[in-house]
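I opened this notebook to record what I looked up, beginning with the strands and going on to the side chains.

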Amino acid sequence: MLVIGPYLRVRAGGADAQSESHIQRNAEARLDEAAGLARAIDLVIADAIIAPISQIRPATYIGKGKVEEIAALAKSLDVELVVMDCALAPIQQRNLEKELQAKVLDRTGLILEIFGRRAKTKEGSLQVELAHLNYQRSRLVRSWTHLERQRGGFGFMGGPGETQIEADRRLIQERISKLEGELKKVQATRRLHRAGRQRVPYRVVALVGYTNAGKSTLFNRLTRADVQAADMLFATLDPTLRALNLPHGGKAMLSDTVGFISNLPTQLVAAFRATLEEVLEADVILHVRDISHEDAEAQQSDVDAVLRQLGINPDDSGRIIEVWNKIDRYGSEQREELLNIAARRPEDHPAMLVSAVSGEGVDALLAAIEERLAAKRTTLDLSIDAADGAGISWLHRNAEVLAKELHDGRFDMTVRVDETKRDIVVNRFDAVPRLSA
């Protein structure tokens with residue numbers, strides 16, 4: 001197969017970057033990412049080339065000369081598939097297939113193929129199929145003889161009925177409606193599970209970041225889990241939740257989610273909104289960045305854009321912690337430079353430097369997570385009769401017990417509670433807020 005990077009030439013101050021991030025990406029890095037996407041589903045790459053263009057052509061996206069050049073290359077290499085690292089309109093895809101005499105797949109289609117292979121849970125499979133059907137619906141074309149009009153109407157002769165295209169679209173729409181109904185049931189189950197977690201004092205911490213930023217490796221390091229972590233794009237697709245032990249004995253739930261990517265298909269953002277509800281509901285969000293990547297700034301911009309689509313403010317420093325991962329790839333001098341850059345950041349926008357592989361910086365990250373979670377809770381002091389087993393049990397279930405000492409038949413306790421339970425603890429146990437938590 002061939003991988004083609006049809007990237008717009010961007011002039012300084014120009015408006016050519018119609019679909020680009022506001023931080024311009026390196027063309028070679030973009031092509032390498034596209035090749036990585038292809039390798040993620042075991043495609044054999046015969047060649048990968050950059051095809052710079054000055055403007056997008058309505059008929060074929062790239063110019064006639066480039067089409068002829070790619071067609072000659074595809075023929076000489078005897079390739080059956082050409083991947084275009086851009087979003088193609090249905091007519092552009094059809095025209096390119098005619099000119100290149102090969103199957104053409106755009107970036108959206110390629111990402112959908114990857115998601116289709118990686119989805120393991122029922123919800124993930126439903127979401128991928130729904131996104132795929134919405135994508136295919138606009139690409140039904142009259143290409144074969146079976147798309148002639150079917151016989152229809154009344155009487156013996158009958159008039160022209162619906163075309164096969166119309167029938168296929170109707171079937172697709174029916175399947176979409178059925179999938180949407182099934183997803184609503186799955187989402188209702190997820191809401192029940194989430195409500196169950198909210199009845200215990202565990203808070204939720206979510207990992208987000210660009211694909212292959214090292215989220216799953218960091219997840220395994222923090223939770224001692226064994227979630228699949230590989231040096232490939234979209235190694236993790238379905239969300240995973242594990243208990244996270246905090247430095248002072250508290251617990252939280254850590255959620256690992258699908259990685260984001262530049263030009264993420266809008267239908268996938270919509271389809272995976274339910275999966276990403278863990279991020280929406282999270283008390284703390286860890287934005288994991290591969291700080292060693294040459295396009296780290298552009299990747300951050302892409303993740304911020306997706307967070308905004310989800311209704312999350314990426315500049316919310318009280319909720320989001322930026323994690324600079326893979327510092328193990330730097331030498332001592334470069335690492336010292338990174339530390340200096342991080343030290344110069346505003347106090348309310350710190351950056352935590354870590355290596356998910358070696359564990360460097362993980363203790364400091366855990367302390368920062370605990371500090372953020374504690375800032376959203378109230379610390380209370382109270383005294384309870386040691387015989388009040390029900391009350392003590394309730395506190396252990398609904399609060400974080402920081403200290404507990406027995407004096408003269410009563411437990412002197414220090415607990416940390418969510419704001420939603422603060423008044424209950426104050427009224428039931430005559431608790432008083434601690435001046436300095």
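In what order do the 4 strands of the open sheet lie, and is the pairing parallel or antiparallel? I read the order as β14-β15-β13-β16, with antiparallel pairing; strands here are DSSP runs of E of at least two residues, helices are runs of H or I of at least four, both numbered from the N terminus, and two strands pair if DSSP finds at least two bridges between them.

Before going on I noted that this is a predicted model, in which local features need pLDDT of at least 70 and side-chain atom pairs count only at pLDDT 80 or more, while totals for chains, interfaces and linings use all residues. Residues are numbered from 1 along each chain as its sequence is written, and side-chain values use heavy atoms, with hydrogens and water left out.

Strand β13 (residues 377-385) runs antiparallel to β15 (residues 410-418), and 9 bridges join them; Leu382 has Met413 in β15 as its bridge partner. I then looked up β8 (residues 240-245) and β9 (residues 251-256), an antiparallel pair with 6 bridges, where Arg242 stands opposite Leu254 in β9. Their hairpin has 5 residues between the strands, and Gly249 takes a positive phi near 95° in it.

**Rings.** I counted 1 aromatic pair, taking rings of Phe, Tyr and Trp (its six-membered ring) to pair if their centres lie within 6.5 Å, with planes under 30 degrees apart stacked, over 60 edge-to-face and the rest tilted. The rings of Trp394 and Phe429 have centres 6.1 Å apart and planes at 40°, so the pair is tilted. Because Trp394 lies in helix α13 (residues 389-398) and Phe429 in helix α14 (residues 419-429), the pair ties together parts that are 35 residues apart in sequence. Trp394 is buried at a relative accessible area of 15%, and Phe429 is buried at 7%, where buried means under 20%, exposed over 50% and partly exposed in between (1.4 Å probe, protein chains only).

Leaving aside neighbours within four places in sequence, I found Leu307 in contact (heavy atoms within 4.5 Å) with Phe260, Val279, Ile312, Pro314 and Ile320.
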